[in-house]
Amino acid sequence: MINTEILALHNASDRERAANLLRAGKLVAIPTETVYGLAANASNEQAIRGVFAAKQRPSDHPLIVHIGDISQLQDWVSDVPAVARVLIEQCWPGPLTMVFHKAAAVSPLITGGRDTVAIRMPDNALLRALLRDCGPVVAPSANLHKKISPTCAAQVISGLGGRIDAILDGGDCSVGLESTIVDVTSEPLRVLRAGPYFTAQLSEIIGADVQMPLQHDVAVAGNMPAHYQPNTKALLFSSQELQERINGLNSNAKPAAVKPAILYYSELHLPSAMHNMKLAADRRAYAKQIYQALTEADSWQCQQIWIEQPPTEWHEVNDRLKRACY
Ligand code: TXA
Ligand code: MG
């Protein structure tokens, strides 16, 4: 166990401290608009190895390089296709990661030995200033492998406290779900991970077809059926089935077989004693809440977490929930 320093994004000397730690090859959790990332100097292989060790992440799962300024892009990619220029113009800074052909110097530790590299420019001005100051960082989500991604500092500490050098606390993440990943080397453009930029939006921005993510896309290394998992077993049900199950628990005279926690968003009828949380019925608001809700439901010590399946067209949240419930 090491001492994990708690630093504040809104304190200039704390940001300076974080930049110095990153320059020195230390591991610092950083707030982005999507989820917290576990940052390490992207030019320091020892530091990158530290990220894999702290997260217990398999070494063939490639990392996203985070840049603070567009001028930092050229050192990491071998070319920028025209379609990527449009997306950079329209979507950066923001929750869109693009996969490019990598520059020769990019460490195979970052790319898992591939010839492509994923790059993103986060939408947080103070964080970008820090990245301009100390250079690009690799930053996977700041959770232990397969666990729930953190959207506030307390969640980072509960998963990685004692395993990393510092956390830069920037409050709650405004988006709350990982970036959309799009492969700009493919034609048509291909979404590898659904996220806050919807496929239809990207298609509109570039004025061409964009391919939806495939269920188990081999191009997405680390595309695991089980991921984002609470410790409590989680199950996904249609609205109707969930209501029937809740009614069933309630109607029997005998003691209930399971004690569930309920995460729902529609007009279900729940007995007042049942642990539950009602999430937003709006797609973006729901996405912002879902990881916090899973974390909180986990803390209630129920035997199972029963989740009402959101509308099928909410691809990005359904993707995460399927893996959470696998
Ligand atoms: O919003 C986000 O993207 C967050 C914040 C911290 O920026 N980061 C994040 O990183 O979600 P991570 O490591 O949890 O997920 C990165 C995903 C992995 O599924 C990885 O396989 C994929 O990006 N990836 C990275 N490089 C890739 C590449 N060259 N080709 C295909 N997929 C890649
Ligand atoms: Mg992750």
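Figure 1. M274 is buried, with a relative accessible area of 14% (buried means under 20% relative accessible area, exposed over 50%, partly exposed in between, with a 1.4 Å probe and protein chains only). The model is predicted: local features need pLDDT of at least 70, side-chain atom pairs count only at pLDDT 80 or more, and totals for chains, interfaces and linings use all residues. Residues are numbered from 1 along each chain as its sequence is written, chains are lettered from A and ligands numbered from 1 in the order in which they are written, and side-chain values use heavy atoms, with hydrogens and water left out. M274 sits in the loop between strand 13 and strand 14. Helices (H or I, at least four residues) and strands (E, at least two) are DSSP runs, numbered from the N terminus. Not counting residues up to four places away in sequence, M274 touches I246, L249, P260 and I262; contact means heavy atoms within 4.5 Å. M274 and Y197 lie 77 residues apart in sequence and 35 Å apart in space, C-alpha to C-alpha.

Figure 2. Two strands pair if DSSP finds at least two bridges between them. Axes are lines fitted to C-alpha atoms, for helices over the stretch in contact, and angles run from 0 to 180 degrees between N-to-C directions. Strand 13 (residues 260-264) and strand 15 (residues 304-308) run parallel, joined by 4 bridges. L263 has I307 of strand 15 as its bridge partner.

**Figure 3. Helix 9 against helix 10.** Helix 9 and helix 10 (residues 315-324) pack at about 20°, with axes 10 Å apart. Helix 9 is therefore roughly parallel to helix 10 (angles under 35 degrees count as roughly parallel, over 145 as roughly antiparallel, 65 to 115 as roughly perpendicular and the rest as oblique). Their crossing is left-handed. A crossing is left-handed if the near helix is turned anticlockwise from the far one by less than a right angle, and right-handed if clockwise. Helix 9 contributes R283, Y286, A287, I290, Y291 and L294 to the contact, and helix 10 contributes H315, E316, V317, R320, L321 and A324. By class, this contact of helix 9 with helix 10 has 8 nonpolar, 1 polar and 3 charged residues. Ala, Val, Leu, Ile, Met, Phe, Trp, Tyr, Cys and Pro count as nonpolar, Asp, Glu, Lys and Arg as charged, and the others, Gly among them, as polar.

**Figure 4. Helix 3 across helix 7.** The axes of helix 3 (residues 82-91) and helix 7 (residues 199-206) come within 10 Å and cross at roughly 110°. Helix 3 is therefore roughly perpendicular to helix 7. The crossing is right-handed. V83, V86, L87, Q90 and C91 of helix 3 meet L202, I205 and I206 of helix 7. The contact of helix 3 with helix 7 has 7 nonpolar residues, 1 polar and no charged ones.

**Figure 5. Q201 in helix 7.** Q201 lies in helix 7. At 29% relative accessibility, Q201 is partly exposed. Leaving aside neighbours within four places in sequence, Q201 is in contact with P196 and R284.

Figure 6. Strand 2 (residues 28-30) and strand 3 (residues 37-41) run antiparallel, joined by 3 bridges. A29 has L38 of strand 3 as its bridge partner.

**Figure 7. Strand 10 and its partners.** Strand 10 (residues 189-193) is mostly covered, with 5 of its 5 residues buried. Strand 9 (residues 180-183) joins strand 10 through 3 bridges, running antiparallel. The two strands form a hairpin with 5 residues between them. I181 has R193 of strand 10 as its bridge partner. Strand 10 also runs parallel to strand 11 (residues 210-211), joined by 2 bridges. There, L189 is the bridge partner of V210 in strand 11.
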